[in-house]
Amino acid sequence: MEFSIKSGSPEKQRSACVVVGVFEPRKLSVPAEVIDSAARGHLSDLLRRGDMEGKAGSTLLLHNVPGTEADRILLVGLGKEKEFREKEYRAAVATAVRTLNETGGFDGTIYLTELSVKKRDVAWRVRQAAMVALETLYRFDQMKSKKDEVRRPLRKLTFCVERRNELEIAEKSLLQGQAIANGMALMKNLANLPGNICTPGYLAEQAASLAKEHGLGIEVLERADMETLGMNTLLSVAKGSHQPPKFIILKYAGAKPEVKPIVLVGKGITFDTGGISLKPAPEMDEMKYDMSGAASVIGTMKALAEMKLAINVIAVVPTTENMPGGAATRPGDIVTSMSGQTIEILNTDAEGRLILCDALTYVERFEPECVVDVATLTGACVISLGNVVTGLLANNDSLARELLDAGQDAYDRAWQMPLFDDYQEQLQSNFADMANIGGRAAGTITAACFLSRFAKKYDWAHLDIAGTAYKSGKDKGSTGRPVPLLTHFLMARAAENGKA
Ligand code: BES
Ligand code: MN
Ligand code: ZN
């Protein structure tokens, strides 16, 4: 898709289709009013006759509107003006793009970016419009033998801004939005692939091709390297699988080498059967998404590299399958982690924390500015927060605040949960330094408590994306979250560095 930014009058656009909004009930937005005057009341006549109410999600496609240069005018319903916020704005852009793609014109000129959205500036509106447009057009048909071809697909989209002095900032936001959407698409492609294709080896290959494309540094540790390092908890998860585990390290250097790196760690369980503590059959297929954390940090590296942010970032991906088998870890087995702390594995289905804890120890060597791990870690997170927000826990409140703000900005929100010491007791073990499970109560918090024991040497935050990384049911698929949150966090950090 080709994108551009423009400022100019809607009736003068030579385009296959010009898109303007209509509020409910029957109230033209400003660009729609401009077209209406050029067309001598053509649009207001239609509204008066009841052809369009302006309900959110509704559309009306008009051909050969008098006084205009475009082949078509698409009216998009926006809902009530008073209730028009971020969510409604995003939905309107999605409706516009979906309709344009089905309409048969090769290009569209969208005026929705001129609408005012409470507390959001033109930069936000354009960035989000680009993200939403690309998300709307995303398809995953890699595994279908026959792809559904759109007859005359949309090739070019133009977003309009009111004033010429907004062009520069809008151009910049457009590139950011595209970069984030490309990162999300990479995450989705990796996460939507089935476990028999997206193996740890496949993730390592994809990381290598991303590194090649963008000049990132890459290192992949093999089982033998992990043995030498003493990553026994990670290896204990890999024992039941025939797929060799990998430990992927991707490095982006956008700032001077003396600038401390931000480290992102992503859970890469390419399939989670539960191991010997086998999961029940229903919906087990969704456990192919248990590498969404890994996919999100790889996707974020893509976005960041496309934006050429002036920071240093290292992505670390411990990746393996969690399978049952003759060599698999048994409940009750005790392993010594890379940190030296011993762990009694009471439930082999609490495997995410086992691969992450060694990664958290490994990253100490980078002397990180901070570490953020991302994981589909607990079913309990889906119970407490649903599919709306990502769970956030941190050992540093200002880092937590930054991530919450980034989530707000990106419209990819997170919500903080407490990491009080009182919860640590639940991890007590009679036989080792700790157990890998903390009982039914506060499952998301005790999982984070477990990780916190390996993240003592730096500022650290944990994102539990079990509810937000993918959708179930008829819309089953990866959401690309939290690539927008992570990228906004890095953008804000880069802006801070610029000031320093
Ligand atoms: N990958 C799962 C968490 C998960 C569950 C993600 C549902 C998405 C949807 C994780 O490895 C897991 O199995 N966690 C257990 C932990 C329990 C055994 C303490 C869980 O949440 O049930
Ligand atoms: Mn599990
Ligand atoms: Zn898991």
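A polar side-chain atom of aspartate 349 lies 2.8 Å from an oxygen atom of ligand 1, a polar contact being a pair of N or O atoms within 3.5 Å; within protein, one must be able to donate a hydrogen and the other to accept it, and residues adjacent in sequence count only if both atoms are side-chain atoms. For lysine 279 the distance to an oxygen atom of ligand 1 is 2.8 Å, and for lysine 267 it is 3.3 Å. On its own, ligand 1 has 510 Å² of accessible area, of which the protein covers 78% (Shrake-Rupley method, 1.4 Å probe).

This is a predicted model, in which local features need pLDDT of at least 70 and side-chain atom pairs count only at pLDDT 80 or more, while totals for chains, interfaces and linings use all residues. Residues are numbered from 1 along each chain as its sequence is written, chains are lettered from A and ligands numbered from 1 in the order in which they are written, and side-chain values use heavy atoms, with hydrogens and water left out.

Ligand 1 has 16 residues around it, of which Lys279, Asp290, Asp349, Glu351 and Gly379 come nearest (a heavy atom within 4 Å counts as near). By class, this shell has five nonpolar, four polar and seven charged residues, where Asp, Glu, Lys and Arg count as charged and Gly is among the polar ones.

Two metal ions are also present, with donors taken as N, O and S atoms within 2.8 Å of the metal (3.2 Å for Na, K and Ca).

| Ion | Protein donors | Distance |
|---|---|---|
| Manganese ion (ligand 2) | Asp272 (OD), Asp349 (O), Asp349 (OD), Glu351 (OE) | 2.0 to 2.2 Å |
| Zinc ion (ligand 3) | Lys267 (NZ), Asp272 (OD), Asp290 (OD), Glu351 (OE) | 2.0 to 2.4 Å |

Aspartate 272 bridges the zinc ion and the manganese ion, which lie 3.1 Å apart. The zinc site is octahedral, with angles of 78 to 176° among six donor atoms; six donors count as octahedral if opposite donors are over 155 degrees apart and all others between 65 and 115. The manganese site, with angles of 70 to 168° among its six donor atoms, is irregular. Ideal angles for six octahedral donors are 90 or 180 degrees.

Along the chain, the zinc donors follow the spacing K-x4-D-x17-D-x60-E, and the manganese donor residues are spaced D-x76-D-x1-E.

Methods
Tetrahedral: all angles 85-135°; square planar, octahedral: opposite > 155°, others 65-115°.
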